[in-house]
Amino acid sequence: MTINQLASSAVPTTARAASASRRNRLLTVPGAIGIGYTVSWIAGLVVPAPSPKFSASGAQIVSAFAGHAPALAAQYALTEGLPAAGIAVVAIALARVAGSRLAMVAGVTAAVISVLQFCLGMWLATTSSPATAHVLFQLVNRMDGGKMLVLAVLGAAAAAAVTLPRWLRCTGAALAVAITASGVAYLFLLQSLWLLAGPALTLLLVFITGAGIWLGGTVRGR
């Protein structure tokens, strides 16, 4: 067999091996959950649910949500309920690989806050009391700010972990900065800064999904 023939036969084999490796990473539990996290969020964002301003009164909130209870419930399930599991699983796996207790505490705390937001969101979707709606709406948004600040800690912990790949550490650092700014806006209900949530969410999706896929490959390699 000539050198050219050897080279040509090696290329498909290498390509198949690389493709199989990518599939293995995606099919692990962390990889699947990481991808599911982004899919759930995207699905939640396309749900046609109303989004009142932070300063909306109780009556305005009830009026905006009237007739939209199923859509609102679905949105809370897709952006707070299901993602809570994704945050917890990926953060715990990441913390074990990085040897960071801080990352584990931050991830579990963010997941717990997300579950509480889901529960309060379900209540908000069904209430007809302006006073209750106002309290719940502001509480859910302020909790979102607190969750973002906790996720900033998770990103910072990942950025400081030398055992993680450079791209993941850089993403964690960028996430920590962006989501801190967004967290402050939501914690203090600063309507003028709500657009900061866009870049922060994008980085969060990249971080959680990327970490899940990478962790899947790490588990397979052990």
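This is a predicted model: local features need pLDDT of at least 70, side-chain atom pairs count only at pLDDT 80 or more; totals for chains, interfaces and linings use all residues.
Me: Let's start with H2 and H4. At what angle do the axes cross?

Reply: Roughly 160 degrees. H2 covers residues 29-46 and H4 covers residues 69-98. Their axes come within 8 Å.

Me: Parallel or antiparallel, then?

Reply: Roughly antiparallel, because the angle is over 145 degrees.

Me: Left-handed or right-handed crossing?

Reply: The crossing of H2 and H4 is left-handed.

Me: Which residues make the contact?

Reply: From H2, Pro30, Ile33, Tyr37, Ser40, Trp41, Ala43, Gly44 and Leu45. From H4, Gln75, Leu78, Thr79, Leu82, Pro83, Gly86, Ile87, Val89 and Val90.

Me: How do those residues divide between nonpolar, polar and charged?

Reply: The contact of H2 with H4 has 12 nonpolar residues and 5 polar ones. No charged residue takes part.

Me: Gln75 is on that list. What does it touch?

Reply: Leaving out residues up to four places away in sequence, Gln75 touches Gly44, Val47, Ala49 and Glu80.

Me: And how far is Gln75 from Met122?

Reply: Their C-alpha atoms are separated by 9.8 Å. Along the chain, Gln75 and Met122 are 47 residues apart.

Me: New topic. What volume does the largest pocket have?

Reply: About 900 Å³.

Me: Which residues lie nearest its centre?

Reply: Trp41, Leu45, Ser51, Asp144 and Tyr186.

Me: Which helices each supply at least two residues of the lining?

Reply: H2, H4, H5 (101-126), H6 (130-159), H7 (166-187) and H8 (197-221).

Me: How many lining residues are charged?

Reply: In the lining of the largest pocket, 4 are charged. Another 25 are nonpolar and 10 are polar.

Me: Back to packing. How do H5 and H6 cross?

Reply: At roughly 165 degrees, with the axes coming within 9 Å. That makes H5 roughly antiparallel to H6. The crossing of H5 and H6 is left-handed.

Me: What classes of residue are in that contact?

Reply: The contact of H5 with H6 has 20 nonpolar, 6 polar and 2 charged residues.

Me: What about H3 and H6? At what angle do they cross?

Reply: Roughly 90 degrees. The axes of H3 (residues 58-65) and H6 come within 7 Å. H3 is therefore roughly perpendicular to H6.

Me: Which residues meet there?

Reply: H3 uses Gly58, Ala59, Ile61, Val62 and Phe65. H6 uses Pro130, Ala133, His134 and Phe137.

Me: How many of those are polar?

Reply: In the contact of H3 with H6, 2 are polar and 7 are nonpolar, with no charged residue.

Note on methods. Residues are numbered from 1 along each chain as its sequence is written. Side-chain values use heavy atoms; hydrogens and water are left out. Axes are lines fitted to C-alpha atoms, for helices over the stretch in contact, and angles run from 0 to 180 degrees between N-to-C directions. Helices (H or I, at least four residues) and strands (E, at least two) are DSSP runs, numbered from the N terminus. Angles under 35 degrees count as roughly parallel, over 145 as roughly antiparallel, 65 to 115 as roughly perpendicular and the rest as oblique. A crossing is left-handed if the near helix is turned anticlockwise from the far one by less than a right angle, and right-handed if clockwise. Contact means heavy atoms within 4.5 Å. Ala, Val, Leu, Ile, Met, Phe, Trp, Tyr, Cys and Pro count as nonpolar, Asp, Glu, Lys and Arg as charged, and the others, Gly among them, as polar. On a 1 Å grid over the protein atoms alone, a cavity is a set of points where a 1.4 Å probe fits but cannot get out, and a pocket is an open set with protein on both sides within 12 Å along at least five of seven lines; lining residues have an atom within 4 Å of a point. Grid points are joined across faces, edges and corners, and a volume is the space filled by probe spheres set on the points.
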